[in-house]
Each structure stands twice: as C-alpha cells, then as structure tokens.
Amino acid sequence: MKRYFASLMIVSALAYSAPIFAQAPKKIAADKQRAAMWQPAKGQYYFSHSLVYDYENKADQTKGTITIYLDPVSGGMCFKKESSFGKGGKDFDFVIGFPDGKYIFCGADENGKKIRINEAVGALKPGPDTKAQAREDFSTYWAATGNKRDDFGFESLEYNVSYATSENKDTVWLAKTPFNVYPLYGLEFVESAVAMPTSLDYMHLLEPNQLVAEISSKDTILKLKSFGKDPITISTKGYTAFKTE
C-alpha cells in the first residue's frame, strides 16, 4: 500500500497546475465543550467534527464508509476501528494523530492486555528539500481542469493525474481546509499495523491544507460525503504505555 505517489506519474504537456484558490478558508472556532473536555495531560481528547467518506476499493472488492474525527483547533484526528481502519488494524481500538507527527495507538496485545503505543513520524515535518520537491512534482504532474465546487464550505479544485505504468487517468478533487490534514496522510508512514481501506499516500505531494475530497480511478472511488459537527470524547485511560524498541 505504501508508495511514493509522485514517482509513478508521467509528464504531460499541459500538466502545469499550481493550485489557485479564491480566498483562504475561514477557521473553525472551538465549540463551548472543548475547554472542559480537551485534557491531553489526563489522557482525554475531544473531537468536535468529523469527515465522512464513501469508498470503494475495486482491487479488494470492498466498499463502505470511513469516518475521521477532527479537533479543528489542534488539527488532531481520531480514527476508530469500527468506523475507519477496521480489519486494517485489528489489534487497535483507535488511533489519535497530530500534525507534529505524534500518534497514539490504543488497543490490546496478544494476551488481551490493554496497551498504548506512542510513535513519532518524522515524515509529517518535511524539510526544505522535500517541500520543494513536492511543489515541483505537484506543478509538473497534476493538471488542473479549471472546474471548481464547494465541498461543505471548502473550495475544491479538480485535477487530472496520469501514471507511468498505465494509460489510466485519475480524477482527483482537492479541498482547501483551515486545518492540517497530514495526520490522515501520515498513517501511511506509521510502523504499527494500521491501514485505511483505501490508500491516501499524499504526504510528500500535497500541502498540509489540501484535503482529498474525491478520487475516481480504475481501482479506487472515494468521495467526501459530509463534514460537520459530530462530537466525541476519547480517553486513553486504562491503556498501559508500551515501549517499542
């Protein structure tokens, strides 16, 4: 599943497509409950919104819905087993990720003991050279169609993408968000056994505020179904810290 997306693309004569948005998206204010419910020092996290996608993985012949919970203030995201990664991480109950590359995995070991694993993914903080390469790859290999639309308050732009290994062409819509989406893309780099039902390996290609709103390809169909208030509270209490070597 893990792959460097840009390396598979071919150059098109009309491929230059620097992203152009009319205006910056409006920041999402913290709701009234966050001040009391957001207590990381006590292992408690509050997520006020959710991103919901419909997906179909034609290669695996699977389809369903993915829900990703969001704290718009910190950019933290929560992935619950029953509503996101499912069989892609059977040993974990949920995963919490942050834009700085910190991930918290809560689940059980082979003996059924509740454990908590903390991981830091350096890929979420790319250096200047990586950022420069990402911008070059995007402007070279993604062709803007000029089509725009509104996705739940976010302005989205449509792009055509080609691949070196086939003549297939994908269509991808990117929405500009006021929050960092790297915790979603960064799951592809985490060593722990968690994988989403469909790959979202865009870490070293897209900017941190470019959310994939739709993919239409030979093997994958993904579409943002909704975004809005959907508050949940997640606690890491009861999960014993487990140190990985």
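Visitor: Buried means under 20% relative accessible area, and exposed means over 50%. With that in hand, is Arg34 buried or exposed?

Guide: Arg34 is buried, because its relative accessible area is 15%. Keep in mind that this is a predicted model.

Visitor: How confident is the prediction, then? What is the mean pLDDT of the protein chain?

Guide: The mean is 85. A pLDDT of 70 or more is reached by 87% of the residues. Residues 1-20 fall below 50. That stretch still has 61 contacts in the model beyond near neighbours in sequence.

Visitor: How should I treat a stretch like that?

Guide: Where pLDDT is low, the predicted coordinates should not be read in detail.

Visitor: Back to Arg34. Which side chain does Arg34 meet in a salt bridge?

Guide: Asp71, at 2.8 Å from N to O.

Visitor: How many salt bridges in total?

Guide: Five. One of them joins Lys80 and Glu82, with N to O at 3.2 Å. Lys80 is partly exposed, at 21% relative accessibility. Glu82 is exposed, at 61%.

Visitor: Which residues are linked in a network of salt bridges?

Guide: Arg149, Asp151, Glu214 and Lys223. Within that group, the Glu214 and Lys223 side chains meet at 3.3 Å, N to O. Glu214 is buried, at 18%. Lys223 is partly exposed, at 37%.

Visitor: New topic, the sheet. How many strands, and in what order?

Guide: Twelve strands form an open sheet with mixed pairing. The order is S7-S8-S9-S10-S11-S1-S2-S3-S4-S5-S6-S12.

Visitor: Which are the edge strands?

Guide: Strand S7 (142-151) and strand S12 (240-241). Each of these pairs on one side only.

Visitor: S2 came up with Asp71. In what sense do S2 and strand S3 pair?

Guide: They are antiparallel, over three bridges, with S3 covering residues 76-80. The bridge partner of Tyr69 is Cys78, in S3.

Visitor: Which strands does helix H2 lie across?

Guide: H2 (residues 128-141) lies across S7, strand S8 (154-162), strand S9 (169-176) and strand S10 (210-216). H2 runs at about 95 degrees to S7.

Visitor: What about the nonpolar core? Which residues touch the most other members?

Guide: Trp142, Tyr185 and Val212 do, in the largest nonpolar core, which has 49 residues. There is also a second, separate core of 14 residues. Its members include Tyr46, Tyr69, Phe98 and Tyr239.

Visitor: Last one, Glu110. Where is Glu110 found?

Guide: In the loop between strand S5 (102-108) and strand S6 (114-120).

Visitor: Is Glu110 buried or exposed?

Guide: Glu110 is exposed, because its relative accessible area is 74%, and the cut-off for exposed is over 50%.

Visitor: How many residues apart are Glu110 and Asp91 in sequence?

Guide: They are 19 residues apart. In space, their C-alpha atoms are 8.4 Å apart.

Conventions
Residues numbered from 1 in each chain as written. Predicted model: local features only at pLDDT ≥ 70, side-chain atom pairs only at ≥ 80, totals over all residues. Heavy atoms only, no water. pLDDT = per-residue confidence, 0-100. Contact = heavy atoms within 4.5 Å. Salt bridge = Lys/Arg side-chain N within 4 Å of Asp/Glu carboxyl O. Buried < 20%, exposed > 50% of the residue type's maximum accessible area, 1.4 Å probe, protein only. Helix = DSSP H or I, 4+ residues; strand = E, 2+ residues; numbered from the N terminus. Core = buried A, V, L, I, M, F, W, Y, C linked by side-chain atoms within 4.5 Å. Pairing = 2+ DSSP bridges. Axes fitted to C-alpha atoms, helices over the stretch in contact; angles between N-to-C directions.
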